[in-house]
Structure formats: structure tokens, C-alpha cells
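My notes follow in the order I looked things up.

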Amino acid sequence: MNDPVVLALAFGLGAAGGALAWPMLARVFSAPLFLRTNVRGFEVPVAVGIVLPVVLLAAGASLVLLDAGDLVQVPQGALAVSVLAAAGFGLLGLFDDLAGDREAQGFRGHLSALRSRQLTTGAVKLFGGGALAVLVAAPTARERFWVLLADAALIALSANLANLFDRAPGRLAKVSLLAAVPIAVVAGIDPDLAGPAVVLGTLAALLVPDLRERLMLGDTGANVLGATLALAVLLTTAPSTRAVVLVVVAALNLLSERVSFSRVIQQVRPLRWFDGLGRLPPAP
């Protein structure tokens, strides 16, 4: 089976998995543990982004079994790293979603709490995400220290950047799907993208419920999406391209310490239109 069909199959498995998993798990997410008040004042289940790695586990196992039966050819190393990234970052995000202290915000807030000998859930996610990023980046860096450090930084900072867009219904999903377009254009049809294709397929299945305020992906989903998109860049592009992406991602992270992305979106008309596309009208 050729590469375009493998990627289409991976995306399709992700979409089917997401479409099946969310309705079947809706009752679980209706428990008070998961309910949070959204920007419009409605109670919505958070951390539904955990569906992304769950579906990837199932779809990844299916792809491996199909490979073993000589029905498809899937790079199992890249797929395994994709699963590690999604599962690891998903668990770190889930911890923050369910037990997070919202008083400490941003890098400075978490580091300030640490100086007071308080370890916030955000700090656990920050340092745990950095360690996990090193493990995820290691296969592509080939043990070169500075390359490994830069690639790990790209993964960790991308996960954090995605969190900054999780501020309104459907925003994170739309930004993630949009960001995947230039990656796909640069990478072309690469079977190493099977794992990210599953995640994006699952995200596509969750987009409408997200826009209709029936779920929130939360830090769980943001972590998975940011890390997965960064991993797609690492798996398919040259070091020079990765360096450019790292500079952009790092600059946006630094900018976020002083500038509200939500405010910028509201002030720029094309961004405001895209952000509101498909969303429910304002509450009366």
C-alpha cells in the first residue's frame, strides 16, 4: 500500500475513532470532576483532549497489525514516538486540567512559586514536559547534544504555545488544523506522519462538538496537539527548517508573557472572523 493511502487510512482511523469515542465517553466526562465553567458561563467537560492519545493508541495498534499482515507499510519507530509524545504530554496536561492551580500563570508565575518552595501543576508540566521532550526528540537528533536540545525545546515550547490558544470554543482545534497545512506542504507525503495524521483525524471529529461547547480539549488536548505538530516537523524537515520554526515558536512564547493573544484576535478583523467561524452566537 503506497504512502498517500497509508496517511489517508491513518487520518480516517483517527476520525472514526474520535467520532465513536467521544459519544461513548460523554457520560464519563459529565462527572463533576471534569466540569468547568467556560468563557460564556456554561458548564462544559474539560480534558476531553485525552481522547486524542487514546484513539492514537488504538489506531496505532491497528496499523501495526495491518503492517504485520503485509497489508500496509508503516514506519513503526516514528509511530511509537508519536504515541509516546501524545500519551506523555496528554497525561501531564490531564494532571493540570484536573488539579491545576490557576493563581500561578505563565513561566514567571510557576518559577516564582518554585522559589517559594511550591511546586505547581504548571511547573510539573513545564519540567516534566521538558524531560519528555528530550526522550521524544532523541531518535531524530541522533545523540547530537545541541541538536537534541534544540529539538526538545521545539517540542516543549510548541506544547506550551498550543495552551495559549485554548481560550475559546474551537480556537485551539482550528489553529492546530491550520498549522498542519504548511507542515504537510513542506513534508509532502511522508509515512512518518502516520501518527500525527491519526491525531489530526481525531481532532477533526471533535471540532464540531468543541465549537458547539459540548466539550473542551483543555491543557490535555493542547499539550498533545502542540507536541504532535512539533514532532511532525522534526520527523520530516531539515535541521535548518527546524531551527526557523524553533525561533518563531520561542518568539511567540516570549511575546505571550506581555501580549494577550485573545486581545489581538479580537482587534484584528480577519483573525476575529476566523476565530468566530462555526461558533455559537453570543449568549443573550
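First, a term I need below. A crossing of two helices is right-handed if the near helix is turned clockwise from the far one by less than a right angle, and left-handed if anticlockwise. I also keep in mind that this is a predicted model.

**Entry 1: α5 and α9**

I started with α5, residues 121-141, against α9. Their axes come within 11 Å and cross at roughly 25°. Angles under 35 degrees count as roughly parallel, so I logged α5 and α9 as roughly parallel to each other. By the definition above, their crossing is right-handed. From α5, I listed Lys125, Val136, Ala137 and Thr140 in the contact. From α9, I listed Asp219, Asn223, Leu231, Leu234 and Leu235. Five residues of this contact are nonpolar, two are polar and two are charged.

**Entry 2: α3 and α9**

Next I took α3, residues 76-99. The axes of α3 and α9 come within 7 Å, and the crossing is at roughly 155°. The cut-off for roughly antiparallel is over 145 degrees, and α3 and α9 are therefore roughly antiparallel. This crossing is right-handed. On the α3 side I noted residues including Ala78, Val81, Ala85, Phe89 and Leu92. On the α9 side, Gly218, Thr220, Val224 and Ala227 are among them. The contact of α3 with α9 divides into eleven nonpolar, six polar and three charged residues.

**Entry 3: Val224**

Is Val224 buried or exposed? Its relative accessible area is 0%, and buried means under 20%, so Val224 is buried. Which residues does Val224 touch, leaving out those up to four places away in sequence? I found Leu52, Pro53, Ala86, Phe89, Gly90 and Val199. I also checked Pro196, 28 residues from Val224 along the chain. The C-alpha atoms of the two are separated by 10.0 Å.

**Entry 4: α7**

Last, I checked the length of α7, residues 171-187. At 1.5 Å a residue, its 17 residues should span 24 Å. The end C-alpha atoms are 24 Å apart, which agrees. Which residues of α7 are buried? They are Arg171, Leu172, Ala173, Lys174, Ser176, Ala180, Ile183 and Ala187. What covers them includes α6 (145-163), α8 (194-211), α9 (218-236), α11 (261-267) and α12 (269-276). I noted that Gly188 follows α7 and has a positive phi, near 75°.

Notes:
Residues numbered from 1 in each chain as written. Predicted model: local features only at pLDDT ≥ 70, side-chain atom pairs only at ≥ 80, totals over all residues. Heavy atoms only, no water. Helix = DSSP H or I, 4+ residues; strand = E, 2+ residues; numbered from the N terminus. Expected span 1.5 Å × (residues − 1). Buried < 20%, exposed > 50% of the residue type's maximum accessible area, 1.4 Å probe, protein only. Contact = heavy atoms within 4.5 Å. Axes fitted to C-alpha atoms, helices over the stretch in contact; angles between N-to-C directions. Parallel < 35°, antiparallel > 145°, perpendicular 65-115°, else oblique. Nonpolar A, V, L, I, M, F, W, Y, C, P; charged D, E, K, R; others polar.
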